[in-house]
Amino acid sequence: MGAPTLVGDTIFLRALEPEDIDMLYDIENREEYWELSGTQAPYGRHLLQEYIANAYKDLYEAKQLRFVICLRETQRVLGLVDLFDFSPRHFRAGVGILIIEAEDRRHGYALETLEILKAYAFKQLDLHQLYANILEENTASQRLFEKVGFVLVGIKKDWRRLQGSYKNELLYQLINIHVH
């Protein structure tokens with residue numbers, strides 16, 4: 001029997017728990033992250049509590065799956081990683097990742113998280129492909145996804161309107177060549 005699927009050398013991924021409400025409330029209501037998620041208004045605690053209560057639903061039912069990224073040594077929460085927009089017909093899903101605090105970035109946690117998520121998506125979920133939408137000026141995320149094997153396949157011109165101007169969004173794709 002191999003190593004646990006959602007555990008890496010320095011981090012592990014776990015399901016959302018009711019005690020994550022404060023962390024989720026903080027993240028979903030930080031305006032600095034709204035452009036990443038397409039959010040335009042704050043979320044209330046009640047709505048987020050319902051979201052957590054329904055987080056047990058599997059990918060086929062919810063069409064999304066969110067994991068909490070934790071440091072193995074201390075179990076401290078580092079961020080979130082999502083599979084979203086799941087298509088059971090085409091066996092693909094989008095990927096989004098957030099390392100919450102700036103001081104936790106550039107330590108390899110996001111890279112390890114994406115490697116774990118990629119293995120889980122391809123081995124456990126039998127997905128054919130993953131994709132990521134990244135703003136053109138977000139070169140750090142571009143490098144991160146490229147390190148995991150994602151390939152730039154397109155540019156969506158003027159795709160997102162942010163703070164009164166239009167931004168290009170890059171489409172990255174990773175195809176599982178081992179699916180039969």
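This is a predicted model: local features need pLDDT of at least 70, side-chain atom pairs count only at pLDDT 80 or more; totals for chains, interfaces and linings use all residues.
Me: Is I116 buried or exposed?
Reply: I116 lies in helix 5, residues 109-124. Helices (H or I, at least four residues) and strands (E, at least two) are DSSP runs, numbered from the N terminus. Buried means under 20% relative accessible area, exposed over 50%, and partly exposed in between, with a 1.4 Å probe and protein chains only. Because its relative accessible area is 8%, I116 is buried.

Me: What distance separates the C-alpha atoms of I116 and L6?
Reply: Contact means heavy atoms within 4.5 Å. Leaving aside neighbours within four places in sequence, I116 has contacts that include T5, L6 and V7. I116 and L6 are 110 residues apart along the chain, yet the separation of their C-alpha atoms is 6.0 Å.

Me: Which residue is joined to D104 by a polar contact between side chains?
Reply: D104 lies in the loop between strand 4 (92-99) and helix 5, and it is buried because its relative accessible area is 7%. A polar contact is a pair of N or O atoms within 3.5 Å; within protein, one must be able to donate a hydrogen and the other to accept it, and residues adjacent in sequence count only if both atoms are side-chain atoms. At 2.9 Å, such a contact joins the side chain of D104 to that of R76.

Me: In which sense do strand 5 and strand 7 pair?
Reply: Two strands pair if DSSP finds at least two bridges between them. Strand 5 (residues 129-135) and strand 7 (residues 165-175) have seven bridges, and L130 stands opposite L174 in strand 7. The sense of this pairing is antiparallel.

Me: What is the handedness of the β-α-β unit made by strand 4, helix 5 and strand 5?
Reply: Strand 4 and strand 5 run parallel and are joined by three bridges. A crossover is right-handed if, with the strands pointing away from the viewer, the path from the first strand over the helix to the second runs clockwise. The unit of strand 4, helix 5 and strand 5 is right-handed.

Me: Which residue in strand 4 is the bridge partner of F84?
Reply: Strand 3 and strand 4 run antiparallel, joined by seven bridges. In strand 5, Y131 is the residue opposite G94. The bridge partner of F84 in strand 4 is likewise G94.

Me: How many aromatic pairs does the structure hold, and why is the pair of F84 and Y131 edge-to-face?
Reply: Rings of Phe, Tyr and Trp (its six-membered ring) pair if their centres lie within 6.5 Å; planes under 30 degrees apart count as stacked, over 60 as edge-to-face and the rest as tilted. The structure holds three aromatic pairs. The rings of F84 and Y131 have centres 6.0 Å apart, and the pair is edge-to-face because their planes stand at 75°.

Conventions. Residues are numbered from 1 along each chain as its sequence is written. Side-chain values use heavy atoms; hydrogens and water are left out.
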